[in-house]
Amino acid sequence: MSLEQVFSRLPDPRSHAFPDHSLPRGDPVFPIAVAREELTAVLELYETFRAVDPTGLDANPFLEAATTHMQQTFGVPRYRPDEQLADDIAALLNDFSDDLGGRSMGVVDATPAHHRTLYFFLVSCRGYYGAPHIRFEPDKAAVETLYDLYQRVTEQEVYLKRPSSVLE
């Protein structure tokens, strides 16, 4: 399947809303099966994603010169709009890797925050891929793997982790 086909299966970010999983007595999780090689593919996609400059400075020398001038003149720091997302993706990969331990395959507990991170990672990949001023050529198989993980979380029922009783 082409990247365009994978990206077209995503819900439209202008109208997409995440379900409310706030449960009164416990932490909501979506237990999903994950293989170590899937995590490796998503990690490589993450590294490719992190290497991209979403501002387009690497492709536009005039924009880079203007930004550098503003930074030197006014002390305005360079800001990456995807910085928080990159931190969230790293946390997701660490959480899933910790849940797997040393096993090659296992069940990980995806949280609602992981669900949002998977979605925004996919949407950002689609945005980077479609932007003419950004050079982003992700591995097709890695994007499909990321979409598969997102789909597993989306289709999974929510369960309580560490439920508390009514008496507590």
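In this briefing, a residue is buried when its relative accessible area is under 20%, exposed when over 50%, and partly exposed in between (1.4 Å probe, protein chains only). By that rule Glu38, at 17% relative accessibility, is buried. The model is predicted: local features need pLDDT of at least 70, side-chain atom pairs count only at pLDDT 80 or more, and totals for chains, interfaces and linings use all residues. Residues are numbered from 1 along each chain as its sequence is written, and side-chain values use heavy atoms, with hydrogens and water left out.

**The chain overall**

- You will find 6 helices and 3 strands here, where helices (H or I, at least four residues) and strands (E, at least two) are DSSP runs numbered from the N terminus.
- Starting at the N terminus, the order of elements is α-β-α-α-α-β-α-α-β.
- The chain has 168 residues, and 35% of them count as buried.
- Its accessible surface is about 9,900 Å², with 54% belonging to carbon and sulfur atoms; accessible areas come from the Shrake-Rupley method with a 1.4 Å probe, and for residues only the protein chains shown count as cover.
- Taking contact to mean heavy atoms within 4.5 Å, residues 24 or more positions apart supply 86% of the contacts in the chain with a separation of 6 or more.

**Helix 5 against helix 6**

- Helix 5 (residues 112–130) packs with helix 6 (residues 140–155) at an angle of about 145°, and their axes are 10 Å apart; axes are lines fitted to C-alpha atoms, for helices over the stretch in contact, and angles run from 0 to 180 degrees between N-to-C directions.
- On the helix 5 side, the contact is made by His115, Leu118, Tyr119, Phe121 and Leu122, while helix 6 brings residues including Val143, Leu146 and Tyr150.

**A salt bridge**

- The count is 1 salt bridge, defined as a side-chain nitrogen of Lys or Arg within 4 Å of a carboxyl oxygen of Asp or Glu.
- Arg152 pairs with Glu38, and their closest N and O atoms are 2.4 Å apart.
- Because Arg152 sits in helix 6 and Glu38 in helix 2 (residues 36–50), the pair ties together parts that are 114 residues apart in sequence.
- Arg152 is partly exposed, at a relative accessible area of 26%.

**Around Tyr46**

- Tyr46 belongs to helix 2 and counts as buried at 14% relative accessibility.
- Leaving out residues up to four places away in sequence, Tyr46 touches Ala86, Ile89, Ala90, Leu93 and Phe121.
- Tyr46 and Ala142 are 96 residues apart along the chain, with 9.4 Å between their C-alpha atoms.
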